[in-house]
Amino acid sequence: MTILVTGGLGYIGSHTVVELLKNNFEVVIVDDLSNSEKFILENIEEVSGKKPIFYPFDLRRKELIHQLFDAHHIEGCINFAAYKAVGESQEKPLDYYENNLFILINILQEFKNRNISNFIFSSSCTVYGQADEMPIHETTPLKMPESVYGKTKQMGEEIILDFAKAYHKKISLLRYFNPIGAHPSGKLGELPLGIPNNLVPFVTQTAAGIRKELSIFGNDYPTLDGTAVRDYIYVVDLAKAHVAALQKLIASTEDTVLDIYNLGTGNGSSVLEVVQAFEKANQVAVPYKICDRRVGDITIAYANATKAEKELGWKADTTLEIALKTTWQWQKYLESRN
Ligand code: UFG
């Protein structure tokens, strides 16, 4: 079965491609390399021993998508292609709406016109905002996200739900908590553009001496140690959830499937706990200072991920320390390439 993976050279995309290949799916990747590099494709081949088909183009180009669907018998799609920097999304809202929503609609149009089902969307826990209950269930009410990026995820979900209901399609919305870590081979991982916004890439670059010190954004939150709490999920566990969600869609005999899953570990870790776990796992110091809170940050978010466990037979069980070890291994690999 051939699966289109948009953004398949990105951080979560590349790990998911490896898992799809392992499970004997044929993979067609489209990625415009706006947040990745060509060597990731070579490394996917090295790690998986298989060669995915790759097209480097911008998925806003409808005519190219049309040609792609003419050329390949695509039977499903995992849509990772999207801009994802929260801060940047506030400065360039139109770019975010155009890129993230037009790409999505362009692909859904092909699905509609060609009678294809099985569509998986990269969503985010950002759709819950600061939830009123913890842990967060799939039924926890959504709130208006703080960022334009978050709004593109919430709008994307609504577009897909309407699409599935009107045209009788099988879809799965996967709400990721905070993905971290790298492939155990040390050959795939996150490539942060410029100064990292996210915690773990910044911690890693600080340990490597690329950044002087980590700024911890706030230690006056109502949490155990005053720093904000998130649910950090290992990227390979996350990648495996995509395969499980896809297999469930394919196996379903219903013509319409509307699946929504929280993908997290079910455990919250504070910023300080992440720093300490990184230091312990890698025997390296992470200098930090405490700063003001970052605008738009929530206090706490962690998943109840039992629905995914029950329905997909999937569970994120890699520990924070093991995930952070792989991050460090990936950093060493990147340094060895320079
Ligand atoms: N943090 C720091 N210092 C840093 C970076 C982050 O203290 O240099 C803190 C943040 O304040 C936050 C925690 O580390 O408390 C995690 O921050 P990240 O930026 O790694 O992750 P977020 O939870 O803010 O962002 C994640 C996803 C986004 C999504 C968002 C929704 O990465 O895609 O959740 O809340 F939009």
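The legends below describe several close-up views of one predicted model.

This is a predicted model in which local features need pLDDT of at least 70 and side-chain atom pairs count only at pLDDT 80 or more, whereas totals for chains, interfaces and linings use all residues. Residues are numbered from 1 along each chain as its sequence is written, and side-chain values use heavy atoms, with hydrogens and water left out.

View 1. The strands, which like the helices are DSSP runs numbered from the N terminus (E, at least two residues, for strands; H or I, at least four, for helices), follow the order S3-S2-S1-S4-S5-S6-S11 with parallel pairing. Strand S3 (53–55) and S11 are the edge strands, each pairing on one side only, and the twist from one strand to the next averages 15°.

**View 2. Two strand pairs within the sheet.** Strands pair where DSSP finds at least two bridges between them. Strand S1 (residues 2–6) and strand S2 (residues 26–30) pair in the parallel sense over five bridges, and leucine 4 stands opposite valine 28 in S2. Strand S6 (residues 170–176) and S11 are likewise joined in the parallel sense, over seven bridges, with valine 257 in S11 as the bridge partner of lysine 170. Strand S11 (residues 257–263) is largely enclosed by the rest of the structure, because six of its seven residues are buried, where buried means under 20% relative accessible area, exposed over 50% and partly exposed in between (1.4 Å probe, protein chains only).

View 3. The structure holds eight aromatic pairs, defined by ring centres of Phe, Tyr and Trp (its six-membered ring) within 6.5 Å, with planes under 30 degrees apart counted as stacked, over 60 as edge-to-face and the rest as tilted. One of them is the tilted pair of phenylalanine 39 and tyrosine 333, 6.5 Å centre to centre with 50° between the planes. This pair links distant parts of the chain, since phenylalanine 39 belongs to helix H2 (residues 39–48) and tyrosine 333 to helix H11 (residues 320–337), 294 residues apart. Phenylalanine 39 counts as buried because its relative accessibility is 8%, and tyrosine 333 counts as buried at 15%. Phe39, Trp330 and Tyr333 form one aromatic cluster.

**View 4. Charged side chains over tyrosine rings.** Arginine 293 lies over the face of tyrosine 221, at 3.9 Å from the ring centre, and the charged end of lysine 307 sits over the ring of tyrosine 261, 4.9 Å from its centre. Such a placement requires NZ of Lys or CZ of Arg within 6 Å of the ring centre and within 35 degrees of the ring normal.

Key:
Axes are lines fitted to C-alpha atoms, for helices over the stretch in contact, and angles run from 0 to 180 degrees between N-to-C directions.
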